[in-house]
Amino acid sequence: MDEQFIANRKVLNMKKVSHKNLIQIYNYFKSPDRVYLVMEMMSTTLASVMESTGEIEEYDASRIMKEIGDGLAYCHRKKLIHRDCKPENILISERDLKLGDFGVSTFEEGGTVCGTSAFMAPEMFLGESHSFVVDSWAMGCVLYEMLTAKRAFNGPVGRVEKKGDRWKIDTKISFSPDISEVLAGLLQFKPKYRWNMQQLLSSNWLFAQDEKREQEIT
Ligand SMILES: Nc1ncnc2c1ncn2[C@@H]1O[C@H](COP(=O)(O)OP(=O)(O)OP(=O)(O)O)[C@@H](O)[C@H]1O
Ligand SMILES: [Mg+2]
């Protein structure tokens, strides 16, 4: 896809969504060869934070999953698939966590292969038609990366082994049962069995982490 097309799509789709966990676009200007976007300003990205700190604490990772999950659930209700969830596109400020970069987002379920290969759901890589749960797969990759400071997969369904219908990440790292359940749900190979964002948001793991947060506040 050419840059002008991506920039136009970014503007068009961003203007159609408004949610506390999605980057807001205020205005845009076009010159013959460029599109300029005026967006709310964030301080950094999850990718930059992880570059300096390495892995993210479980408690913080759960907040990121919950908030970005909320933003994505909203997009999906609006029938928008983001298709490029990854640490570079998760923006952070002192108070907020927001998903940005709607350059390859789409209102059509379809077959275009796009996004970033390491976060690409198997059905997209295999050229099958894809839907909202490609974002679930990507969020599974993001969660794995936050907790381990390692890429879940090096490329599309890279270092994975097939176990029945599940694809298991090639690692010895073990997670708590609650986190394993989330990873298994989001990184489910077959899209029809993969968790959607509502399942993530109502997972035991996020529920337990939420309780911790509430106890801290009171
Ligand atoms: N609203 C924002 N506030 C602060 N930084 C931002 C914002 N939007 C984007 N950035 C920074 O710019 C980078 C690229 O922006 P974005 O993801 O929207 O475009 P992109 O299509 O991925 O561009 P490129 O591929 O050239 O990096 C982000 O990874 C982030 O570092
Ligand atoms: Mg980007």
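This is a predicted model: local features need pLDDT of at least 70, side-chain atom pairs count only at pLDDT 80 or more; totals for chains, interfaces and linings use all residues.

Colleague: Ligand first. Which residues surround ligand 1?

Modeller: The shell of ligand 1 consists of Ile23, Met39, Glu40, Met41, Met42, Thr45, Glu88, Asn89, Leu91, Gly100, Asp101 and Gly103.

Colleague: Switching to helix α1. How far apart are its end C-alpha atoms?

Modeller: They are 18 Å apart. That agrees with expectation, because 13 residues (3-15) at 1.5 Å a residue should span 18 Å.

Colleague: Which residues of α1 are buried?

Modeller: Lys10, Asn13 and Met14 are buried. These residues lie on the same side of α1, because they cover an arc of only 95° around the axis.

Colleague: What covers the buried residues of α1?

Modeller: The cover includes strands β1 (25-30) and β2 (35-39).

Colleague: Now the largest nonpolar core. Which members touch the most others?

Modeller: Met139, Leu143 and Leu186 do, out of 46 residues in that core. At least two core residues each come from α3 (58-77), β4 (90-92), β5 (97-99), α5 (133-148), α6 (177-186) and α7 (197-201).

Colleague: Where does the largest share of this core come from?

Modeller: From α5, which supplies ten residues.

Colleague: Last one: what is Met139 in contact with, leaving aside neighbours within four places in sequence?

Modeller: Met139 then has contacts with Met65, Ile68, Gly69, Cys85, Leu186 and Leu200.

Conventions: Residues are numbered from 1 along each chain as its sequence is written. Chains are lettered from A and ligands numbered from 1 in the order in which they are written. A residue is near a molecule or strand if its C-beta atom, placed from the backbone, lies within 6 Å of it. Helices (H or I, at least four residues) and strands (E, at least two) are DSSP runs, numbered from the N terminus. The expected span of a helix is 1.5 Å times one less than its number of residues. A residue is buried if 20 or more other C-beta atoms lie within 10 Å of its own, exposed if 12 or fewer, and partly exposed in between; C-beta atoms are placed from the backbone. The arc is that of the directions from the helix axis to the C-beta atoms. Two residues are in contact if their C-beta atoms, placed from the backbone, lie within 7 Å. A nonpolar core is a set of buried Ala, Val, Leu, Ile, Met, Phe, Trp, Tyr and Cys residues joined through C-beta atoms within 7 Å.
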